[in-house]
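Hi everyone, thanks for coming.

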Amino acid sequence: MATPPKPPPRRGKRQNWAVNFALLPMAVTVLLCYLGTVLWSIVVSLTSSKTFPNTNFVGLAQYEKLFTTDRWWLSLHNMALFGVIFVIACLALGFFLAVFIDQKVRGEGILRTIFLYPYAMSFVATGLVWQWMLNPGLGLQEAVRQLGFPNFEFDWIISQDKVMYAIALAAVWQSAGLVMALLLAGLRGVDEEIWKAARIDGIPVWRVYMSIVLPMIAPSIATATVLLSLGVIKVFDVVVAMTGGGPGIASEVPAKFIMDYLFNRANIGLASAASVVLLLTVLALLLPWLYAKNRMEKNNNKGH
Amino acid sequence: MNATTPVKVRNQRPAKSWFTPARIGIYAFLLMSALFFLLPLYVMVVTSLKPMEEIRLGQIFALPSRPTIEAWAIAWSSACTGLECTGIQVGFWNSLKIVVPSAMLSIFIGALNGYALAYWRRPWAGVFFAILLLGAFIPYQVHLYPLVRGLSMLGLFSTLPAIVLVHTIFGMPVMTLLFRNYYASLPEELVKAARIDGGGFWRIFFQLMIPMSTPIIIVAVIMQVTGIWNDFLLGLVFAGRENLPMTVQLNNIINTTTGERLYNVNMAATILTSSVPLFIYLISGRWFVRGIAAGAVKG
């Protein structure tokens, strides 16, 4: 993404003014809507704000309260559980789909279309479809029972212990195609000579994938992993549509917790503290990746 | 990675004979996966065509014995979204009213930012751009409440301009990056020559850059239209009761109904809501993939 440095353009005062004017919306957005709002959230998280923001500073009391709230711990736990299943399942399924599609199969175009179409659908629609399919009385469970397996059980969506698996299933269905598309592009970028060389040396295909191709598409995999992880932190729509956070509060997630405390439970201070925690989680995920990416780009540039 | 690099369909993997165990395994896996991905679509369509008596039998995979489009008519024009029973069509028109100006505005600003960043270096602009990109990763929840307050102070909260503005703000990082990368990939001599010929900032933008941007504008339109159409959270918070987008209306139809759930109507409404992005996906093909690849490399 690094662009070669360009010589400074010849400048007139009028042009300067035009450029500054053109970039004004970006400057305002960055200052007010990105930096300003983050700062606001941090400040409010240090106050005792309830329905309306106030300036009664209470230090880290909101954070203490947050981390003694069971519901918050539950939402963090759910996010972690969902995240591990979702990211691993998406990567595994997406990787195998990409590798198998890359084997000169017939109907490649149709298969790609089928694997990626859920990604065009909203998480709301995804959640609602799976809510319907997983409905124990009328959905998959009942259909299989009628096939002659009367003891078949598939009631994840109404089970407090398994509801997060149900949500992960729907989310994997929606997003695995994205991983396939990203990795397929990576696989198509692998040099044909490598395949020829491996064939001459008689190395089995799976070994080539494991030892040569996988490290070569590592950047694509890293990008997919970061994208999926950010999706995990943002997860909201699919939970609202699928379970509304239920049964009980069994599928509570942090993003929904924050929305609840902001708009329904009128506890802005606590919600802001929670959103700052979420922000720190994102930065903890993102900064190492950006650092690694930056370093790799610098190294690449040196090589040329 | 360049946003405009097409996904190459080069396929020179060793050709093999059919019916080896490996080939059969590959096809078996791909077919099973295709079934898994198609199953919900099939269930949606079949359910939407069944009357409720058939649905109560619990045969979710059975074809409708007496197909009817009644549920579709109800979903479109008389299903209840909370207190009102005017169907999902209200949401459809709302989404359209939101998507068109939001996409146009965010693409225009993205193109302008990208052009200014690529050719008219300003020392402060790079820093702002970096913050903007980092901001793209932050969960919306962090920004929500301050934006609600800000828009209330401006008297805009719960209006169409509010939701358009919010989509423009949150679309800005990816749009700017998309156009900046595209413009950076064009030969710089073009702009240099235009400048020597006396072209100013705006003239070069409107008469040279915009006409040359068709391919990237198509990608941007696909990304923004599908993204904004599928949005739920921002519409829920900022659009106001009068302008709720289709996704929010859909969730209201399904999750706030009392009494028996009309699954056929629900599924018809879900298909209707998904039809716009699915249509775009099907007609745009590779462009859609290019769009997600471009969105994926942000940062």
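Let's start with one spot in chain A. A:Lys256 and A:Glu252 form a salt bridge, with their closest N and O atoms 3.6 Å apart. By salt bridge I mean a side-chain nitrogen of Lys or Arg within 4 Å of a carboxyl oxygen of Asp or Glu. A:Lys256 is buried, at a relative accessible area of 10%. Buried here is under 20% relative accessible area, exposed is over 50%, and partly exposed is in between, using a 1.4 Å probe and protein chains only.

Before I go on, some housekeeping. This is a predicted model, where local features need pLDDT of at least 70 and side-chain atom pairs count only at pLDDT 80 or more, while totals for chains, interfaces and linings use all residues. Residues are numbered from 1 along each chain as its sequence is written, chains are lettered from A and ligands numbered from 1 in the order in which they are written, and side-chain values use heavy atoms, leaving out hydrogens and water.

Back to A:Glu252. Which other residue forms a salt bridge with A:Glu252? That's A:Arg71, and there the closest N and O atoms are 2.5 Å apart. This pair links distant parts of the chain, 181 residues apart: A:Arg71 sits in helix H4 (residues 70–101) of chain A, and A:Glu252 in the loop between helix H12 (237–242) and helix H13 (254–264). Helices, by the way, are DSSP runs of H or I with at least four residues, strands are runs of E with at least two, and both are numbered from the N terminus. A:Arg71 counts as buried at 11% relative accessibility, and A:Glu252 is buried too, at 1%.

Now hop over to chain B for another one. B:Arg66 and B:Glu53 meet in a salt bridge at 3.4 Å, N to O. B:Arg66 is in the loop between helix H2 (52–55) and helix H3 (70–77) of chain B, B:Glu53 is in helix H2, and the two are 13 residues apart. Buried or exposed, what is B:Arg66? Exposed, with a relative accessible area of 51%, whereas B:Glu53 is partly exposed at 46%. In chain A, salt bridges with shared partners tie A:Arg71, A:Glu252, A:Lys256 and A:Asp260 into one network. Over all chains, the count is 8 salt bridges.

Still, 107 residues of chain A are in contact with 109 residues of chain B, contact being heavy atoms within 4.5 Å.

Let me finish with chain B as a whole. Its secondary structure comes to 14 helices and 0 strands. The C-alpha atoms of chain B fill a box of roughly 75 × 65 × 30 Å along the principal axes. Of the 299 residues in chain B, 56% are buried. And among chain B contacts between residues at least 6 apart in sequence, 71% join residues at least 24 apart.

B:Ser284 is buried, at 10% relative accessible area, and its side chain reaches the backbone oxygen of B:Ile280 at 2.7 Å. Okay, that's me done.

Definitions and conventions. A polar contact is a pair of N or O atoms within 3.5 Å; within protein, one must be able to donate a hydrogen and the other to accept it, and residues adjacent in sequence count only if both atoms are side-chain atoms.
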